[in-house]
Amino acid sequence: MKKRYFLPDVECIDREELARMQTEKLKKQVRHVYEAVPFYRRKMDDAGVVPDDIRTLGDIVKLPFLSKADLRDAYPFGLLGAPLADCVRIQSTSGTTGKRVVAFYTQKDIDLWEECCARALTAAGVSREDVIQVSYGYGLFTGGAGLHGGAHKVGALTLPMSSGNTERQINFMMDLGATVLCCTPSYAAYLGEALREHGYEPEDIPLKAGIFGAEPWSETMRREIEQALGIKAYDIYGLTEISGPGVAFECAEQNGMHLCCDHFLAEVIDPDSGRVLPPGERGELVLTCLDKEAFPLLRYRTRDITVLDPSPCPCGRTHLRMRRPMGRTDDMLIIRGVNVFPSQIETVLLEMGYPPHYRIVVDRVNHTDTLDVDVEMTAGMFSDRIKDLTEREAALTRALRDMLGITAKVHLVAPKSVERSEGKAVRVIDRRKLV
Ligand code: DLL
């Protein structure tokens, strides 16, 4: 495939030059937030650090971490780094517990964010000739707005569909010849299923690429979606607090996501001790915004578990890559003392040919944790012979035990009985938290 860059001078910048640029930006940003944001000044004073202490990139470790709890404490205006009158937008996280986090943007912040999305689209081979169906939710969620802005910057024809109304999604896609689909991987899988039910084969579908993110997904799920829609599926990562989608994205190599290192500094830490880990080790991603004006977070603990990869990428981009996040520190389930990520369960199910529609229920009975997994069968697997179903359940239980090290109770359920999601899928019900 022809190599495409949105900003080759920035994306393929020499590493030493990039480090010099990052250092200058970091020093300036730290001074700015210290002077402009009393919340930061207090935090830095408590940690005994002043802006003059930050002279090299390595000095970043002197800065205190910022957590989601800090964002809640500072809600709504406490972390503003620009006058409110200079802000043009807020977006908000999709969190369901406690107060939502609101992030502010100046026009420059919006431009920066949309440019990151334009880089992501271009890296996936998208150009002004394309028709981009944006099926992420519009509104407070950053998915719709971010990819929409990026699509405009690329100059492509943009279909602002938002999420839901699958019938209408299919009609627009087929009638207008959408070539690129942007939505969550779970909704992409659902659209693939719905298109098949409408009698469309992958080769009838005009799409050629998909930009999928906002939730963890596996390599197997990627292959399923690619086959169902007849496309190449690209991963995109981001979070509201840092801007939205486009903080990192895959290139044609599809081997990790390039972080936009000119705008964001990435570290990976041990989530328990806070120690910075060397590249290649798995831990929690911590991000620092180098250019953001209105919501300039420093050393923000994302809670996403990943690995940083500084090795050169054949695509020519010099920006560091991050592996697909395997989950969040806060969706890791501890079941009978064993750490379980929902993405591990998904990998087993998909590898054994089950569709990506499942539900994980964790409970506590007689002081012991229980793990139940409802797994939907395809129409082809469905059988009225009890023996077939029992054998299937036993095989799945064995495979899950091999992956997780604990036993799960598997329940095979009828095709279409697990609720479909139009945005981020909610797959875990932890009843232990409800008591
Ligand atoms: O989900 C931004 C986004 C929109 C990213 C569209 C990609 C595409 P939030 O609602 O604030 O923002 O949720 C951010 O979602 O901390 C991760 O836990 C998770 N997440 C985002 N992208 C990925 C991904 C948007 N590619 C939280 N893989 C993040 C795994 C992801 N998890």
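Predicted model: local features only at pLDDT ≥ 70, side-chain atom pairs only at ≥ 80, totals over all residues.
How do the residues of the shell around the ligand divide into nonpolar, polar and charged?

**Figure 1. Composition of the shell around the ligand.** The shell residues comprise nine nonpolar, seven polar and six charged. In total, 22 residues surround the ligand, and the closest are Asp235, Ile236, Thr240, Asp304 and Lys424. Strand β7 supplies the largest share of this shell, namely five residues.

Figure 2. An N or O atom in the side chain of aspartate 304 lies 2.5 Å from an oxygen atom of the ligand. For the side chain of lysine 424, the distance between an N or O atom and an oxygen atom of the ligand is 2.7 Å. A polar backbone atom of alanine 214 is placed 3.0 Å from a nitrogen atom of the ligand. Of the 610 Å² of accessible area that the ligand has on its own, the protein covers 95%. Two or more residues of the shell are given by each of the elements α6 (142-154) and β7 (232-239).

Figure 3. Nine strands, with mixed pairing, form an open sheet in the order β4-β3-β5-β6-β7-β8-β9-β14-β13. Strands β4 (157-160) and β13 (308-309) are the edge strands, each of which pairs on one side only.

**Figure 4. Strand β6 and its buried residues.** Strand β6 spans residues 209-213 and is mostly covered, with five of its five residues buried. Ala209, Ile211 and Gly213 point one way from the strand, while Gly210 and Phe212 point the other way.

**Figure 5. Strand β6 between its pairing partners.** With strand β5 (residues 180-183), β6 pairs in the parallel sense over four bridges; in this pairing, leucine 181 has glycine 210 of β6 as its bridge partner. A right-handed β-α-β unit is made by β5, helix α8 (residues 185-197) and β6. The pairing of β6 with β7 is likewise in the parallel sense, over five bridges, and the bridge partner of glycine 213 in β7 is isoleucine 236. From β6 the chain passes through helix α9 (residues 219-229) to β7 in a right-handed β-α-β crossover. Isoleucine 236 is also listed among the closest residues to the ligand.

Figure 6. Four bridges join β3 and β4 in the parallel sense, with valine 131 opposite leucine 157 of β4 and isoleucine 132 having threonine 158 of β4 as its bridge partner. The chain crosses from β3 to β4 through α6, and this β-α-β crossover is right-handed. Helix α6 is also one of the elements that give two or more residues to the shell around the ligand. Strands β3 and β5 pair in the parallel sense over three bridges, and isoleucine 132 stands opposite valine 180 of β5.

Figure 7. Aspartate 130 belongs to the loop between α5 (107-123) and β3 (131-134). The relative accessible area of aspartate 130 is 4%, so this residue counts as buried, the cut-off being under 20%. The side chain of aspartate 130 is joined to that of threonine 179 by a polar contact of 2.7 Å.

Key. Residues numbered from 1 in each chain as written. Heavy atoms only, no water. Near = heavy atom within 4 Å. Polar contact = N/O pair within 3.5 Å; in protein donor to acceptor, adjacent residues only side chain to side chain. Areas by Shrake-Rupley, 256 points an atom, 1.4 Å probe, with all protein chains shown as cover. Nonpolar A, V, L, I, M, F, W, Y, C, P; charged D, E, K, R; others polar. Buried < 20%, exposed > 50% of the residue type's maximum accessible area, 1.4 Å probe, protein only. Pairing = 2+ DSSP bridges. Right-handed = clockwise from strand over helix to strand, strands pointing away.
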